[in-house]
Amino acid sequence: ATPRKPAVHHTMGGLKIDTEIHVINKQGQVIQGLYAAGEVAGGLHVGNRLGGNFLTDIFTFGRIAAEIAITKNC
């Protein structure tokens, strides 16, 4: 658990990512060495979300991105 407090913020939309957390460009190609996790990446809550919904995405995809970056020596 983490402490929560009210805040004003919104990030609708976000960067498109693949299963290895690479950012995908408008042509559908991976941008090598660029990863996105958490609220900056589009996902399940893209159209409308409540604050805090992305905590599991942040932790999960952040860890995946770090592991991939380390193994690929980024």
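A: Helices (H or I, at least four residues) and strands (E, at least two) are DSSP runs, numbered from the N terminus. The model shown is predicted: local features need pLDDT of at least 70, side-chain atom pairs count only at pLDDT 80 or more, and totals for chains, interfaces and linings use all residues. Residues are numbered from 1 along each chain as its sequence is written, and side-chain values use heavy atoms, with hydrogens and water left out.

Q: Which residues form a salt bridge?

A: In general, side chains of opposite charge can pair when their charged atoms come close. A salt bridge is a side-chain nitrogen of Lys or Arg within 4 Å of a carboxyl oxygen of Asp or Glu. A search of the whole structure finds one: E67 pairs with R63, and their closest N and O atoms are 3.0 Å apart. Both residues lie in helix α1 (residues 55-71), four residues apart, which is about one turn of the helix.

Q: Is I21 buried or exposed?

A: Buried means under 20% relative accessible area, exposed over 50%, and partly exposed in between (1.4 Å probe, protein chains only). I21 is buried, because its relative accessible area is 0%. By contrast, E67 counts as partly exposed at 41%, and R63 counts as exposed at 59%. Of the 74 residues of the protein chain, 19% count as buried.

Q: Where is I21 placed, and which residues does I21 touch?

A: I21 is placed in the segment before β1 (22-24). Contact means heavy atoms within 4.5 Å. Not counting residues up to four places away in sequence, I21 touches L34, Y35, A36, A37, F61, I64 and A65. The C-alpha atoms of I21 and A36 are separated by 5.9 Å, although these residues are 15 apart along the chain.
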